[in-house]
Amino acid sequence: MADWNLLAEGRPPRRYRAGQMIYLQGARPDRFYYLVSGSVRSFISTGGGEERVLAVHRAGDLMGEASFFDGCPRVTSAMALEDCQILAIGRTELDAAFQRHPELALPMLQHLARTVRTLSGHVESFSLPARQRVARWLLAQPPGEDGSLRATHEGIGQAVGLSRVTVSRVLGELSGQGLLALGYRAVTVLNRTGLEALAFEA
């Protein structure tokens, strides 16, 4: 795994308060971001005013890099979920980092390929049945130190384009099958192999 801290090297991160916007959907991407500490949600706003959460970024993640590299307007917005420290990286800073650390170039290309694949998966998932949408989203989330995923039924619904009621029903079914354990604002995957089989069944 690449050490994205090498992108900083002496430059202090900026502090963002919980609820503060980091970048906006539709804006021109003149930089991308390295999340030093805290957590950030990335989401799409629909024409009807709804929001669909695509990812929750945590310390060590890059954000907004796909739009930065292709030069097209941003397709997502990002907002701090808690107080964060974030480093902005423009072309000048990136060129300097690659000159100092050329070993970062290949990991960056691999990271971009994974980002594109993830975004394609999000688009594909909106045509799937509810159970598969929820299962794929759960499998894509990094667990916390206690092994659980911090998420509300409403938040999952926003991420996969389903109502809270539908998400609650699906989680209840998966829990009844022994695939998940449900807690307060938390979900723990108990049987990852079984959940994967359900998520990617033909």
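This is a predicted model: local features need pLDDT of at least 70, side-chain atom pairs count only at pLDDT 80 or more; totals for chains, interfaces and linings use all residues.
**Stop 1: helix H4**

Begin by selecting residues 130–140, which form helix H4. Of the 11 residues of H4, 9 are buried, so this helix is largely enclosed by the rest of the structure. To see which ones these are, colour Ala-130, Gln-132, Arg-133, Val-134, Ala-135, Arg-136, Trp-137, Leu-138 and Leu-139, the buried residues of H4.

**Stop 2: H4 against H6**

Because angles of 65 to 115 degrees count as roughly perpendicular, H4 is described as roughly perpendicular to H6. On the H4 side, show Ala-130, Arg-131, Val-134 and Leu-138, and on the H6 side show Thr-166, Val-170, Leu-171, Glu-173 and Leu-174, which together make the contact. Sorted by class, the contact of these two helices has 6 nonpolar, 1 polar and 2 charged residues.

**Stop 3: Trp-137**

Apart from its neighbours within four places in sequence, Trp-137 is in contact with Val-53, Ala-151, Ile-156, Ala-159 and Val-160. For a sense of distance, draw a line from the C-alpha of Trp-137 to that of Gln-85: the two are 52 residues apart in sequence and 26 Å apart in space.

**Stop 4: the second largest pocket**

Ala-151, a contact of Trp-137, also leads to the next selection, because rolling a probe the size of a water molecule over the atoms shows where empty space is left. The second largest pocket has a volume of about 480 Å³. Its lining consists of 18 residues, and Val-56, Leu-81, Arg-150, Ala-151 and Thr-152 are those that lie nearest its centre. Select strand S4 (39–45), strand S5 (51–58), strand S9 (149–150) and helix H5 (153–160), each of which supplies at least two residues of this lining. By class, the lining has 8 nonpolar, 5 polar and 5 charged residues.

**Stop 5: His-111**

Finish with His-111, which has its place in helix H3, residues 105–125. His-111 counts as buried, at 15% relative accessibility. Show Trp-4, Leu-62 and Glu-65 as well, for these are the residues that His-111 contacts when its neighbours within four places in sequence are left aside.

How values were computed. Residues are numbered from 1 along each chain as its sequence is written. Side-chain values use heavy atoms; hydrogens and water are left out. On a 1 Å grid over the protein atoms alone, a cavity is a set of points where a 1.4 Å probe fits but cannot get out, and a pocket is an open set with protein on both sides within 12 Å along at least five of seven lines; lining residues have an atom within 4 Å of a point. Grid points are joined across faces, edges and corners, and a volume is the space filled by probe spheres set on the points. Helices (H or I, at least four residues) and strands (E, at least two) are DSSP runs, numbered from the N terminus. Ala, Val, Leu, Ile, Met, Phe, Trp, Tyr, Cys and Pro count as nonpolar, Asp, Glu, Lys and Arg as charged, and the others, Gly among them, as polar. Buried means under 20% relative accessible area, exposed over 50%, partly exposed in between (1.4 Å probe, protein chains only). Contact means heavy atoms within 4.5 Å. Axes are lines fitted to C-alpha atoms, for helices over the stretch in contact, and angles run from 0 to 180 degrees between N-to-C directions. Angles under 35 degrees count as roughly parallel, over 145 as roughly antiparallel, 65 to 115 as roughly perpendicular and the rest as oblique.
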